[in-house]
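Please open the structure in a viewer and keep the selection panel at hand. The stops below are given in the order in which they may be selected.

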Amino acid sequence: MAKSGTINSVLFVCLGNICRSPTAEGVFATKAKQAGLNLRIDSAGTAGYHVGAAPDKRSQDVARASGYDLSKLKCRRVTESDFESFDLIIPMDRENERNLHKICPDEYKHKIYLMMKFANSEYDEVPDPYYSGKRGFELVLTLIEQASDGLIARIAKMT
Ligand code: 4NP
């Protein structure tokens with residue numbers, strides 16, 4: 001990861017920016033605040049199907065049940081300026097990691113880290129819940145909470 005003291009901003013990325021990455025944004029923002037970290041936190045999608053929409057109701061419901069409010073988030077697509085502007089860019093799965101690598105200028109590729117690298121889990125990706133039932137959305141939240149805790153511990157150690 002980047003050198004000590006250089007993480008001021010984090011961007012979470014999935015395909016649609018309506019399920020996994022807004023959940024990561026909401027969970028990580030809550031946990032970062034609790035840890036006393038002042039970071040710029042955002043999320044975006046590699047696809048543009050839902051631009052302008054609020055997070056999927058299923059993601060909002062599962063998050064709300066654990067105390068995270070996603071209702072004010074709005075879907076947007078990853079832009080080229082994100083690679084320069086964020087210190088860490090965190091895709092939820094390998095497909096989105098590959099797609100980010102395709103559009104990221106070489107000088108910023110070192111900022112891209114898979115979300116589950118920060119968790120101690122048998123899962124190495126946060127699976128797409130879009131066509132799954134409630135269990136899939138609950139799994140997404142659990143994995144994101146685990147990885148967010150790991151990421152916060154890593155950033156807190158640097159500051
Ligand atoms: P996300 O989930 O990438 O976690 O936001 C999806 C949202 C929408 C679609 C696929 C995945 N979609 O095909 O519209």
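**Salt bridges**

Begin by selecting Arg 58 and Asp 56, whose side chains meet in a salt bridge with an N to O distance of 2.9 Å. A salt bridge here is a side-chain nitrogen of Lys or Arg within 4 Å of a carboxyl oxygen of Asp or Glu. The model is predicted: local features need pLDDT of at least 70, side-chain atom pairs count only at pLDDT 80 or more, and totals for chains, interfaces and linings use all residues. Residues are numbered from 1 along each chain as its sequence is written, and side-chain values use heavy atoms, with hydrogens and water left out.

Colour this pair by relative accessible area (buried under 20%, exposed over 50%, partly exposed in between; 1.4 Å probe, protein chains only). Arg 58 is partly exposed at 33%, whereas Asp 56 is buried at 13%.

Next, select Asp 69 and Lys 72, another salt bridge, with 3.2 Å from N to O. Asp 69 is partly exposed, at 48%, and Lys 72 is exposed, at 71%.

Move on to Asp 124 and Arg 94, where the salt bridge spans 3.0 Å from N to O. Why does this pair tie together parts that are 30 residues apart in sequence? Asp 124 lies in the loop between α4 (94–103) and α5 (134–158), while Arg 94 belongs to helix α4. Helices (H or I, at least four residues) and strands (E, at least two) are DSSP runs, numbered from the N terminus. Both partners are partly exposed, Asp 124 at 41% and Arg 94 at 30%.

Then select Asp 42, Arg 76 and Asp 82 together: salt bridges with shared partners join these residues into one network. In total, the structure holds eleven salt bridges.

Select residues 9–14, which form strand β1; six of its six residues are buried. In a regular strand the side chains alternate between the two faces of the sheet. In β1, Ser 9, Leu 11 and Val 13 point one way, and Val 10, Phe 12 and Cys 14 the other way.

From β2, proceed to Ala 53, in the loop between β2 and α2 (57–65). Ala 53 is partly exposed, at 28%. Its C-alpha atom is separated by 8.3 Å from that of Leu 73, 20 residues apart along the chain.

**The ligand**

Which residues surround the ligand? They are Cys 14, Leu 15, Gly 16, Asn 17, Ile 18, Cys 19, Arg 20, Tyr 49, His 50, Asp 128 and Tyr 130. By class, this shell has six nonpolar, three polar and two charged residues.

Now display the polar contacts, which are pairs of N or O atoms within 3.5 Å. A backbone N or O atom of Gly 16 is 2.8 Å from a ligand oxygen, and a polar backbone atom of Cys 19 is 2.9 Å from a ligand oxygen. An N or O atom in the side chain of His 50 lies 2.8 Å from an oxygen atom of the ligand. The protein covers 92% of the 350 Å² of accessible area that the ligand has on its own, computed by the Shrake-Rupley method with a 1.4 Å probe.

Note on methods
A residue is near a molecule or strand if one of its heavy atoms lies within 4 Å of it. A polar contact is a pair of N or O atoms within 3.5 Å; within protein, one must be able to donate a hydrogen and the other to accept it, and residues adjacent in sequence count only if both atoms are side-chain atoms. Ala, Val, Leu, Ile, Met, Phe, Trp, Tyr, Cys and Pro count as nonpolar, Asp, Glu, Lys and Arg as charged, and the others, Gly among them, as polar.
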